[in-house]
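Here's a quick tour of what holds this fold together, side chain by side chain. Have a look at the model first, then we'll start with the charged groups.

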Amino acid sequence: MRPSFEQIYMELAQSIARRSTCDRLKVGAVLTTTDFRKVLSLGYNGNAAGLANGCDSPEPGNCGDLHAEINCVINCDCPRYVEKILFCTHLPCKMCAKAIVNLGNVKKVWFGAEYRSKEAFEIFNLCQIEHEQFISEDLNL
């Protein structure tokens, strides 16, 4: 069976999450064009470049790692006018949702697992960014 582009990019997000150095939760993000022809950026959660791999603290929400979505935004050198879709293994947190808004022209966010906070939904709704949970038996999300 031929996989959809959505499935391919969610699998890529899951695969890039394996690079994460976070001890608690491995998260990956992939930014594409809306026609699915280009991958614009990748990100995974971990410490800043040049710092020790691993968390600063074992406390959830305070590990000190940059989130996958933030790294994906930082790595994107695409102009704001280009329409984008974000694929993420987990629902973004509130601050990542704001960074996604500021990236510009993100039309949709696909996410796998839910996050402990659902504040991203409100931000995406206010900014008219479509969001949808990706459910598939073929992924381990």
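K108, E130 and E132 are linked in a network of salt bridges, a salt bridge being a side-chain nitrogen of Lys or Arg within 4 Å of a carboxyl oxygen of Asp or Glu. This is a predicted model, where local features need pLDDT of at least 70, side-chain atom pairs count only at pLDDT 80 or more, and totals for chains, interfaces and linings use all residues. Residues are numbered from 1 along each chain as its sequence is written, and side-chain values use heavy atoms, with hydrogens and water left out.

**Salt bridges**

- The count comes to 6 salt bridges.
- Helices (H or I, at least four residues) and strands (E, at least two) are DSSP runs, numbered from the N terminus.
- K108 is buried at 12% relative accessibility, while E130 is partly exposed at 45%. Buried means under 20% relative accessible area, exposed over 50%, and partly exposed in between, with a 1.4 Å probe and protein chains only.
- E83 and K107 also form a salt bridge, at 4.0 Å from N to O. E83 is in the loop between helix 2 and strand 3 and K107 is in strand 4, so this pair ties together parts 24 residues apart in sequence.
- K118 pairs with E114, with the closest N and O atoms 3.4 Å apart.

**Aromatic pairs**

- A search of the whole structure turns up 7 aromatic pairs. Rings of Phe, Tyr and Trp (its six-membered ring) pair if their centres lie within 6.5 Å; planes under 30 degrees apart count as stacked, over 60 as edge-to-face and the rest as tilted.
- F5 and F36 are stacked, because their ring centres are 5.2 Å apart and their planes are at 10°. F5 lies in helix 1 (residues 5-17) and F36 in the loop between strand 1 and strand 2 (39-44), so the pair bridges 31 residues of sequence.
- F36 is buried at 15% relative accessibility, whereas F5 is partly exposed at 45%.
- F5, Y9, F36 and F87 make up one aromatic cluster.
- W110 and F134 go edge-to-face, 5.8 Å centre to centre with 75° between the planes. W110 is in strand 4 and F134 in the segment after strand 5 (130-133), 24 residues apart, and both are buried.

**Nonpolar cores**

- The largest nonpolar core has 25 residues, and L31, L86, I100, V109 and F124 have the most contacts inside it. Such a core is a set of buried Ala, Val, Leu, Ile, Met, Phe, Trp, Tyr and Cys residues joined through side-chain atoms within 4.5 Å.
- Elements giving two or more residues to this core include strand 1 (28-33), helix 2 (68-75) and strand 4 (106-113). Helix 3 provides the largest share, 4 residues.
- Apart from this core lies another, of 9 residues, among them A13, V30, W110 and F134.

**Cysteines**

- How many disulfides does a search of the whole structure find? The search comes back with 0, a disulfide being a pair of cysteine sulfur atoms within 2.5 Å.
- For C63, the nearest cysteine sulfur is that of C55, 4.0 Å away. C63 counts as buried, at 16% relative accessibility.
- For C93, the nearest is that of C96, 3.7 Å away. C93 is buried as well, at 12%.
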